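Please review the following briefing on helix geometry, side-chain pairing and surface features.

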Amino acid sequence: APDAAKQFAAFNGLPLECIRTDKQGSAHAALSCHAGPDWNVPEFVAKLLPADAAIQARARAWLNYMAMCVGLGSRGTIPEIVRGYLGDKSAPERLAPGSLLKVGPLEI
């Protein structure tokens with residue numbers, strides 16, 4: 001979606017020409033990433049949303065994203081979440097001490 005690419009580039013401070021989109025998700029599939037449970041929004045919820053196809057698609061995407069966040073249809077999510085909360089002394093450092101991480105308007 002070109003608009004999504006523009007929003008992503010603007011938020012992250014990247015030039016738009018650095019952004020590539022993959023409408024079919026072939027890179028996702030080639031990397032064996034999990035797509036989540038592939039659920040549809042329940043009909044009683046879909047009726048509450050505008051009939052706009054783009055809004056319906058976003059609702060479906062969020063439903064599947066939230067399901068993946070709790071480990072449904074995304075093998076390995078729960079162990080990684082637990083590891084993130086508890087820490088892993090054997091994991092390599094991701095950032096050098098004192099590093100500044102800047103993403104869009106956020107600095108950590």
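The briefing below is grouped by topic. This is a predicted model, in which local features need pLDDT of at least 70 and side-chain atom pairs count only at pLDDT 80 or more, while totals for chains, interfaces and linings use all residues. Residues are numbered from 1 along each chain as its sequence is written, and side-chain values use heavy atoms, with hydrogens and water left out.

**Helix α4**

- Helix α4 comprises 17 residues, 53-69; helices (H or I, at least four residues) and strands (E, at least two) are DSSP runs numbered from the N terminus.
- From first to last C-alpha, α4 reaches 24 Å, close to the 24 Å expected at 1.5 Å a residue (the expected span is 1.5 Å times one less than the number of residues).
- Asp52 caps the N-terminal end of α4, with a side-chain oxygen 2.7 Å from the backbone nitrogen of Ala54.
- Just after α4, Gly71 adopts a positive phi of about 95 degrees.

**Aromatic pair**

- The whole structure contains 1 aromatic pair (ring centres of Phe, Tyr and Trp, the last by its six-membered ring, within 6.5 Å; planes under 30 degrees apart are stacked, over 60 edge-to-face and the rest tilted).
- Trp62 and Tyr65 form this edge-to-face pair, at 5.3 Å centre to centre and with 90 degrees between the planes.
- Both residues lie in α4, 3 residues apart, or about one turn of the helix.
- Trp62 is exposed at 54% relative accessible area, whereas Tyr65 is partly exposed at 43% (buried is under 20%, exposed over 50%, partly exposed in between; 1.4 Å probe, protein chains only).

**Salt bridges**

- The structure holds 5 salt bridges (a side-chain nitrogen of Lys or Arg within 4 Å of a carboxyl oxygen of Asp or Glu).
- One of them joins Asp38 and Arg60 at 2.4 Å, N to O.
- This pair links distant parts of the chain, 22 residues apart: Asp38 lies in the loop between α2 (26-30) and α3 (43-46), and Arg60 in α4.
- Asp38 is exposed, with a relative accessible area of 54%, and Arg60 is partly exposed, with 28%.
- Glu80, Arg83 and Asp88 are linked in a network of salt bridges.
- Glu80 and Arg83 are separated by about one helical turn because they are 3 residues apart in helix α5 (residues 77-86).

Conventions. Polar contact = N/O pair within 3.5 Å; in protein donor to acceptor, adjacent residues only side chain to side chain.
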